[in-house]
Amino acid sequence: MMLSKALLKLEEMISEDMILDSRVHARIIGACGKGICNIMDEFKVDLQFPQSGVADPNLVTVTGSPEIVVEAIDHLLNLEEEYMADVVENEARMAYMKPSGTAAANPEEPRGPSKGFVVREAPWATRSEKASDMSSSEDFPSFGTPVAAAKASPWGPKRFRSDLWLADVSVNSMCQCVFIQTLQA
């Protein structure tokens, strides 16, 4: 009797193939297969993912009773949609971070010796390595007329007024302002 019930259940089971992007298979399977085990336990279905090197890596087989297989496929498609947003974002980030040029195309190829930081078309790169001529108007152009020397004042030469200082002197806890004048000769 028990054997006949099990046989009836097996006869009612169907296998449905679905297309599930291979980039999300690892996320659906989960760490140590916990994700796929949870789905199989929740929906009472069997999930079979393709082996590597198969012609269609996106083909996933779901086996179980007809109603539950449809629910499991809907659940897997929802997970695929959710995970694909992350996959596309990560791929865009990796494409942005990938170095451009020939080094990215073939990373195993040796680059050769580095020139360091090079400034192209710099003023010093166009001239020879000789010292600049200080009297040359090309190397040191004039920016107007030369400045005339300061005229002598009719009052005599200017003296600096650093000879007048204001100091605070404290004597017996009293403050007195004292002018100290030093004369320059």
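**Group meeting talk: strands, a helix and salt bridges**

Let's start in strand 3, where Gly-64 is the bridge partner of Ile-14. Helices (H or I, at least four residues) and strands (E, at least two) are DSSP runs, numbered from the N terminus. Two strands pair if DSSP finds at least two bridges between them.

Now, some ground rules. This is a predicted model, so local features need pLDDT of at least 70 and side-chain atom pairs count only at pLDDT 80 or more, while totals for chains, interfaces and linings use all residues. Residues are numbered from 1 along each chain as its sequence is written, and side-chain values use heavy atoms, with hydrogens and water left out.

Back to the strands. Strand 1 pairs with strand 3 in the antiparallel sense, over six bridges. Strand 2 also pairs with strand 3 in the antiparallel sense, over three bridges.

Is strand 3 mostly covered or mostly open? Mostly covered: five of its six residues are buried. Buried means under 20% relative accessible area, exposed means over 50%, and partly exposed is in between (1.4 Å probe, protein chains only).

Take Thr-61, in strand 3. Thr-61 counts as buried because its relative accessible area is 18%. Its side chain makes a polar contact with the side chain of Asp-17, at 2.8 Å. A polar contact is a pair of N or O atoms within 3.5 Å; within protein, one must be able to donate a hydrogen and the other to accept it, and residues adjacent in sequence count only if both atoms are side-chain atoms. Leave aside the neighbours within four places in sequence, and Thr-61 is in contact (heavy atoms within 4.5 Å) with Ser-15, Glu-16, Asp-17, Asp-46, Leu-47 and Gln-48.

Next, helix 4. This helix covers residues 66-97, 32 residues in total. From first C-alpha to last, helix 4 reaches 46 Å, close to the 46 Å expected at 1.5 Å a residue. The expected span is 1.5 Å times one less than the number of residues. Its buried residues include Val-69, Leu-76, Tyr-83 and Val-87. What covers the buried residues of helix 4? Strand 1 (14-19), helix 2 (25-29), helix 3 (34-43), strand 2 (46-48) and strand 3 (59-64) are among the elements that do.

On to charges. How many salt bridges does the structure hold? Four. A salt bridge is a side-chain nitrogen of Lys or Arg within 4 Å of a carboxyl oxygen of Asp or Glu.

Glu-91 forms one with Arg-23, the closest N and O atoms being 3.0 Å apart. That pair links distant parts of the chain: Glu-91 sits in helix 4, Arg-23 in the loop between strand 1 and helix 2, 68 residues apart. Asp-21 joins Arg-23 and Glu-91 in a network of salt bridges.

Asp-86 forms a salt bridge with Arg-27, again with closest N and O atoms 3.0 Å apart. Asp-86 lies in helix 4 and Arg-27 in helix 2, so this pair ties together parts 59 residues apart in sequence.

Arg-93 and Glu-89 meet in a salt bridge too, 3.0 Å from N to O. Both lie in helix 4, four residues apart, about one turn of the helix.

Last, the cysteines. A search of the whole structure finds zero disulfides (pairs of cysteine sulfur atoms within 2.5 Å). For Cys-32, the nearest cysteine sulfur is that of Cys-37, 10.0 Å away. Cys-32 is exposed, at 82% relative accessible area, and Cys-37 is partly exposed, at 39%.
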